Amino acid sequence: PAGRRMCPLGWLGVASLCLGTLWAVPAKERRKGEKPKADLTLYENLDLENYHLTLDNYGEILDLSNYEELYDYGDLVPRIEVGTLAPRPKDPQTLPELAETTAGAPKLQPPSGAGPVPPAPVPGQGESWLPSCQLCLCLGSSVYCDDAGLEQIPALPPGTEYLYARFNRIRALRAADFTGLEKLKRIDLSSNSIRRAEADAFRLLPGLQELLLPENRLTALPELPRSLRRLDARRNRIGSAGLRPEAFRDLKQLQFLHLSDNQLDFIPVPLPESLRSLHLQNNNIQTMHEDTFCDSQEQGQIRGALEDIRLDGNPINLSLFPNAFFCLPRLPTGRFS
């Protein structure tokens, strides 16, 4: 009975020893697992009102002027180490998804030869126009082939309205070059080596308004469409024999006729009433008829449109033909003595 009364006292002593051991641990060890509290005194002098970012003060708060200097973008270059990519399975059947994807896909073959792969034809325009848009620049209804090393006119889109093929090596113009181009309005073939143009090269172009052929080697002009408003064939080798009889009579809309620096020995008459500018300087014209510009039988005639006539550089004395200019608003430019 006495031993049983001693047990509670024993347990009380053990508990006292445990509590004493716990309080004996240093305070620093007990605070290791606790989060340190922020010291608010560090933020008392920090003004946070200026850090309210808006579109107005963004550049004032954040100075990014030297950001690129501080940041090394070379570190962002991706690097792929050899051997890190998984090898492609030899048998696609081992991956069902891959087999289904590649089963119906056509195999792409690399193009043979060094030339570029031609683009697919545009629906409704056919394939015949493709060469011009490979060698030239096609923008809308205009085709630009300047200085492209061409030796002939390439096949053009059916809707072409303006063709610029200057500074090339084109030697001849064929009727087939412009077949079906009913919308063509301007052809500029300046500074080529054109020696010959077939008779029907331009005649079947119902909408052609401007034909520019300066600085070539033409000896004759082909038949011209009646829609023409401007013809420029300066600096060629065209002689009077190279013009069809009354070549310009039916061109009722022709306004500018420039044939300077050729080998003409007479003025190509009759000239249409619509003509405004006639340049024939630096030819071999020696004489003219009194009816060249005015009708000698109609003294009241006034030809007000033709204001620009150049005959300078020809071996002709214009003062010998006073009745040829009475209907003009201005005298031709040339020698009058």
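Predicted model: local features only at pLDDT ≥ 70, side-chain atom pairs only at ≥ 80, totals over all residues.

Numbering runs from 1 along each chain as its sequence is written, and side-chain values use heavy atoms, with hydrogens and water left out.

Rings, then. Searching the whole structure gives four aromatic pairs, where a pair means Phe, Tyr or Trp rings (six-membered ring for Trp) with centres within 6.5 Å; planes under 30 degrees apart are stacked, over 60 edge-to-face, the rest tilted. Take Phe-293 and Phe-325: centres 6.4 Å apart, planes at 35 degrees, so that pair is tilted. They sit 32 residues apart, with Phe-293 in the loop between strand 10 and strand 11 and Phe-325 in the segment after strand 11. Strands here are DSSP E runs of at least two residues, numbered from the N terminus.

Why does Phe-293 count as buried? Because its relative accessibility is 2%, and buried means under 20%, exposed over 50%, partly exposed in between, using a 1.4 Å probe and protein chains only. Phe-325 is buried as well, at 7%. Phe-325 also pairs edge-to-face with Phe-336, at 6.3 Å centre to centre and 70 degrees between planes. Phe-336 is partly exposed at 33%. Put together, Phe-293, Phe-325 and Phe-336 make one aromatic cluster.

Asp-295 is in the loop between strand 10 (277–279) and strand 11 (308–310), and is partly exposed at 32%. Arg-217, also partly exposed at 32%, lies in the loop between strand 7 (210–212) and strand 8 (230–232).

Methods: Helix = DSSP H or I, 4+ residues; strand = E, 2+ residues; numbered from the N terminus.
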